[in-house]
Amino acid sequence: MSTDKPEELPSEEELAQMSREDLVKLGSKLDGVELIEYPDPWPVKDTRAERRAERQVAFWFALAGVAGLAFVVAFIWWPYRYVAPDKDGYLMYSLYTPVLGLTLGVTILGIGIGVLNYTRKFVPHEIAVQQRHDGGSSELDKATILANLADAGNRSTIARRPLIKRSLGFGGGVLGLALVAVPLGGMLRNPHAQSANKDGLLHTPWQHTKKGEKVYLRRATGSDDISLVRPEDMDAGSMETVFPYRETDTHEDWAKTILRGDSPVMLIRLRPQDAARVIQHQGQEDYHYGDFYAYTKICSHLGCPTSLYEQRSNRILCPCHQSQFDALQYAKPVFGPATRKLAQLPITVDEETGYFISTGDFNEPIGPAYWERKS
């Protein structure tokens with residue numbers, strides 16, 4: 001605040017009786033502010049041009065509100081479940097993400113353009129000069145500052161423009177609702193509602209749903225050709241990505257399986273000299289078949305795909321944050337931010353067909369986080 005205070009300062013009683021205009025003038029004088037220019041954007045009130053400008057601002061705010069409502073409706077009710085390209089409903093499914101992006105983008109754009117237009121057309125473009133000084137603010141300074149702020153709001157004419165206030169409240173309120181809907185949307189489903197089956201958080205599509213069921217290890221070839229894996233198909237030191245497959249699976253079932261984040265598994269065949277040095281995890285000694293080991297591809301750090309295998313070092317690598325897992329020690333982390341081992345899938349070879357099958361689901365939830373994890 002300025003140190004060049006006027007000789008006569010108002011008392012507390014006089015300060016309480018001063019009007020806002022008087023406080024504005026006093027505050028400017030105390031702060032050493034000189035208003036060079038402070039024009040009224042609309043010196044002639046309620047003209048056609050002023051009403052037209054007001055409607056333009058209100059239009060953008062209202063557009064933001066409508067787009068925000070459309071975002072919320074699409075987020076909750078638009079068909080989002082996967083539909084194969086050759087099935088009815090694929091067009092609506094494919095438009096889900098673009099519709100969300102478009103409606104939310106229009107909401108933010110409408111609010112932004114509305115605020116910019118209001119500032120340009122209704123807020124006075126003042127030119128003021130002020131000397132800056134160090135020091136705290138007294139009660140007098142605080143009172144005059146509040147008066148200046150209130151005066152600025154009054155001069156912006158927002159108080160006498162209910163159309164703009166209502167449209168801004170509508171657009172801004174719906175934008176807030178849209179932003180809240182995103183994090184809350186994932187909480188609408190009970191995570192324990194389907195815990196006993198493959199759609200719950202405790203299990204994956206590798207789960208055996210009935211007695212005697214065979215879940216094969218199938219390659220994703222990009223076509224409808226069924227390519228299962230046999231031990232002689234893989235060379236020592238190689239790795240393949242496989243997915244669960246049942247003989248009863250339809251084309252739609254398979255399409256859903258390969259799109260699930262908990263489906264992909266790394267099938268690794270160790271070199272004989274390396275397989276002799278493997279350290280098994282307690283309780284999982286029979287999870288492998290000879291030199292073959294299967295681990296989830298979902299990194300235990302942040303869920304990235306651990307899609308790299310280096311046969312010389314027997315390291316499983318995550319390219320996202322450089323976590324490394326030792327395939328010779330039950331895929332435990334040896335480098336990087338990951339702190340838990342990769343879940344191991346129990347496998348064997350079907351005696352009738354000679355193809356790899358899983359003998360059960362993972363014995364623990366896969367992925368980076370689970371609020372009831374025991375390990």
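## Contacts and overall form

Let's start with who touches whom: among the contacts in the chain with a separation of 6 or more, 66% are between residues 24 or more positions apart. Contact here means heavy atoms within 4.5 Å. This is a predicted model, where local features need pLDDT of at least 70 and side-chain atom pairs count only at pLDDT 80 or more, while totals for chains, interfaces and linings use all residues. Residues are numbered from 1 along each chain as its sequence is written, and side-chain values use heavy atoms, with hydrogens and water left out.

The chain has nine helices and twelve strands. These are DSSP runs, numbered from the N terminus: helices are H or I with at least four residues, strands are E with at least two. With a radius of gyration of 34 Å, well over the 21 Å that the globule rule gives for 375 residues, the chain is more spread out than a compact globule. That radius is taken over C-alpha atoms, and the globule rule is 2.2 Å times the number of residues to the power 0.38. Along the principal axes, the C-alpha atoms fill a box of roughly 100 × 50 × 35 Å.

How much of the chain is buried? The share is 37% of the 375 residues. Buried means under 20% relative accessible area, exposed means over 50%, and partly exposed is in between (1.4 Å probe, protein chains only).

The accessible surface comes to about 21600 Å², and carbon and sulfur atoms own 56% of that. The areas come from the Shrake-Rupley method with a 1.4 Å probe; for residues, only the protein chains shown count as cover.

## The second largest pocket

Now for the empty spaces. Rolling a probe the size of a water molecule over the atoms shows where empty space is left. On a 1 Å grid over the protein atoms alone, a cavity is a set of points where a 1.4 Å probe fits but cannot get out, while a pocket is an open set with protein on both sides within 12 Å along at least five of seven lines; lining residues have an atom within 4 Å of a point. Grid points are joined across faces, edges and corners, and a volume is the space filled by probe spheres set on the points.

The second largest pocket has a volume of about 450 Å³. It is lined by 18 residues, and the closest to its centre are Val-24, Ser-28, Leu-35, Glu-126 and Asn-148. Two or more lining residues come from each of helix H2 (20-30), strand E1 (33-37), strand E2 (127-130) and helix H6 (139-155). H6 gives the largest share, six residues. Sorted by class, the lining has eight nonpolar, four polar and six charged residues. For these classes, Ala, Val, Leu, Ile, Met, Phe, Trp, Tyr, Cys and Pro count as nonpolar, Asp, Glu, Lys and Arg as charged, and the others, Gly among them, as polar.

The buried residues of H2 are Leu-23, Val-24, Leu-26, Gly-27, Ser-28 and Leu-30. They pack against helix H1 (12-17), E1 and H6. Just after H2 comes Gly-32, with a positive phi of about 70°.

His-125 sits in the loop between helix H5 (96-122) and E2. At 49% relative accessibility, His-125 counts as partly exposed. Leaving out residues up to four places away in sequence, His-125 touches Glu-37, Pro-39, Thr-119 and Arg-120. His-125 and Pro-41 are 84 residues apart in sequence, with 8.1 Å between their C-alpha atoms.

Ala-343 lies in the loop between strand E10 (332-335) and strand E11 (347-349). Is Ala-343 buried or exposed? Its relative accessible area is 3%, so Ala-343 is buried. Not counting residues up to four places away in sequence, Ala-343 touches Ala-294, Tyr-295, Thr-296, Phe-362, Glu-364 and Ile-366.

## Two loop residues with positive phi

Asn-314 has a phi near 55°, a positive value in a residue other than glycine. Asn-314 is in the loop between strand E7 (308-310) and strand E8 (315-317), and counts as buried at 1% relative accessibility.

Tyr-330 is not a glycine, yet has a positive phi of about 45°. Tyr-330 is in the loop between strand E9 (324-326) and E10, and counts as partly exposed at 21% relative accessibility.
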